[in-house]
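This report describes the packing and the ligand surroundings of one model. The sequence and structure come first.

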Amino acid sequence: MLTPDLEDYILAHSDPEPETLRQVDRESNLRLVNGRMCSGHLQGRLLKMLVRLTGARRILELGTFSGYSALCLAEGMPEEGELHSIEVDDELEEFILSNWNGDPRLHLHIGDAEEIMPSWPNGYFDLIFIDADKRRYLEYYAEAKRLLSPGGLIIADNTLWSGHIADPAYDRDAQTRALRRFNDLVAADTEVEKVILPMRDGITLIWKKP
Ligand SMILES: C[S@@+](CC[C@H](N)C(=O)[O-])C[C@H]1O[C@@H](n2cnc3c(N)ncnc32)[C@H](O)[C@@H]1O
């Protein structure tokens, strides 16, 4: 893990966090339980960069929380792009929509990700960000592969789970066990190329071979 000094250095030498996003992060931490679930400055800049690099026009996000990461993904998207984000907690709806400030490219779906994902046809999305229930990553992955266009990118968050993934003390923890199964399945999947970035809580990039 990074020392605070090194983290400050990295942030000072990466793109700055836009003021509007800084406010969303701040408000998330003030108003919501687990405000730290917000992607935050560095991961947010990475998400935007990945959208830019892939040229993704249709994006799906599982797990909206306060809407921070959706805003970062949308920053990298072209004007005609569309982003759909699924959030199970209906109490977050008003807060998310106020943070999105009427951006017509952003579409919020309140409900369970596994129930809503079947709404779209095969190959509809260019990029899918998996960041909802950690115990359901395997199920999300199967459906995300169906929804992803050939050459598309899946980004899965929290895949190192505070390091618990490699710590036998967490062998009985349900979330750790599910994330290990997910990491094992992705590692063995020959239909994709993948790399785990040891950034923040672990981010896996999964590219679907054409
Ligand atoms: C880690 S937070 C998302 C953070 C956000 N993507 C960001 O980076 O700013 C996970 C979110 O997933 C939501 N969630 C959990 N289970 C879900 C499910 N089955 N379907 C949809 N959303 C779910 C939680 O309510 C929570 O808001």
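In this predicted model, the largest nonpolar core holds 46 residues, and I59, L73, I128, I130 and I154 are the members that touch the most others in it. Helix α4 contributes the most to this core, giving six residues. Nonpolar side chains in soluble globular proteins tend to be buried together.

Leaving aside neighbours within four places in sequence, L73 is in contact with L47, K48, V51, I59, E61, L83 and F129. Among these partners is I59, itself one of the core residues with the most contacts to other members. L47, K48 and V51 also belong to the side of α3 that meets α4.

| Helix pair | Axes come within | Crossing angle | Residue classes in the contact |
|---|---|---|---|
| α3 (residues 40-54) and α4 | 7 Å | roughly 35 degrees | five nonpolar, two polar, two charged |
| α7 (residues 137-147) and α8 (residues 174-188) | 8 Å | roughly 35 degrees | eight nonpolar, no polar, one charged |

The crossing of α3 with α4 is right-handed. From α3, the contact takes G44, L47, K48 and V51, and from α4 it takes Y68, S69, C72, L73 and E75. In the other pair, Y137, L138 and Y141 of α7 meet A178, L179, R181, F182, L185 and V186 of α8.

The ligand is surrounded by 17 residues, of which S39, G63, F65, S69 and D133 are the closest. Two elements, α4 (68-75) and β2 (82-87), each give two or more residues to this shell. By class, the shell has nine nonpolar, three polar and five charged residues.

Not counting residues up to four places away in sequence, N29 touches G35 and R36. S66 lies 37 residues from N29 along the chain, and the C-alpha atoms of the two are separated by 9.8 Å.

Key:
Residues are numbered from 1 along each chain as its sequence is written. This is a predicted model: local features need pLDDT of at least 70, side-chain atom pairs count only at pLDDT 80 or more; totals for chains, interfaces and linings use all residues. A residue is near a molecule or strand if its C-beta atom, placed from the backbone, lies within 6 Å of it. Helices (H or I, at least four residues) and strands (E, at least two) are DSSP runs, numbered from the N terminus. Ala, Val, Leu, Ile, Met, Phe, Trp, Tyr, Cys and Pro count as nonpolar, Asp, Glu, Lys and Arg as charged, and the others, Gly among them, as polar. A nonpolar core is a set of buried Ala, Val, Leu, Ile, Met, Phe, Trp, Tyr and Cys residues joined through C-beta atoms within 7 Å. A residue is buried if 20 or more other C-beta atoms lie within 10 Å of its own, exposed if 12 or fewer, and partly exposed in between; C-beta atoms are placed from the backbone. Two residues are in contact if their C-beta atoms, placed from the backbone, lie within 7 Å. Axes are lines fitted to C-alpha atoms, for helices over the stretch in contact, and angles run from 0 to 180 degrees between N-to-C directions. A crossing is left-handed if the near helix is turned anticlockwise from the far one by less than a right angle, and right-handed if clockwise.
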